[in-house]
Amino acid sequence: MDSSFQLVDGTIVTLRRLASELRPRTLDDLGLPAALEAQAQEFESRTGIPCSVILPPEPLTLDIDRSTTIFRIFQESLTNVARHAHATRVEARLRLENDRILFQVFDNGTGFDPELAKARKSLGLIGMQERALLLNGEFKTEGAPGAGTTVTLTIPLPHSIAAESVRHEDSDR
């Protein structure tokens, strides 16, 4: 009987961990900017690779799908850096451009040949591509051996957020 309770308790712990990994609580509690910064700090403390996040000066409120997609692509990009890049620094930038979100992750690592990665059908890259496509977005990787890598995600904004972004830009002038 004790082993049954232990099994159930272990299953509950595992399900809670999986659920939090699917949608990190920081996204809900603090929003995307804070979640990105927390992820960068966690990556830096785990790998020793400096990681900075540059955010837009205006407040940013995105829907769950967009914020989760950006966060997950950031996580996967950092995983790739840690595994393959041999980088000494990483920088992520989030910008609003009229009617779209532009999110980029740069590293100064060894780079790679994007065509070779496509040929190998990297599951991480395929997953990031699929996340972007689900939001009518675009995902691309650029890099060359020895020259680092840039991951770029472009996602259209809903009309209401795009209009708010334009208002902020007009008031800044």
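Rings of Phe, Tyr and Trp (its six-membered ring) pair if their centres lie within 6.5 Å; planes under 30 degrees apart count as stacked, over 60 as edge-to-face and the rest as tilted. The model is predicted, so local features need pLDDT of at least 70 and side-chain atom pairs 80 or more, while totals for chains, interfaces and linings use all residues. Residues are numbered from 1 along each chain as its sequence is written, and side-chain values use heavy atoms, without hydrogens and water.

Q: How many aromatic pairs does this rule give?
A: The count is one aromatic pair.

Q: Why is the pair of Phe74 and Phe103 called edge-to-face?
A: The ring centres of Phe74 and Phe103 are 5.8 Å apart, and the planes stand at 85 degrees, so the pair is edge-to-face. Phe74 is in helix H4 and Phe103 in strand E3 (residues 100-107), 29 residues apart. Helices (H or I, at least four residues) and strands (E, at least two) are DSSP runs, numbered from the N terminus.

Q: Why is Arg66 called buried?
A: Buried means under 20% relative accessible area, exposed over 50%, partly exposed in between (1.4 Å probe, protein chains only). Arg66 has 13%, so Arg66 is buried.

Q: What makes the link between the side chains of Arg66 and Asp63 a polar contact?
A: A polar contact is a pair of N or O atoms within 3.5 Å; within protein, one must be able to donate a hydrogen and the other to accept it, and residues adjacent in sequence count only if both atoms are side-chain atoms. The contact of Arg66 and Asp63 is 2.8 Å.
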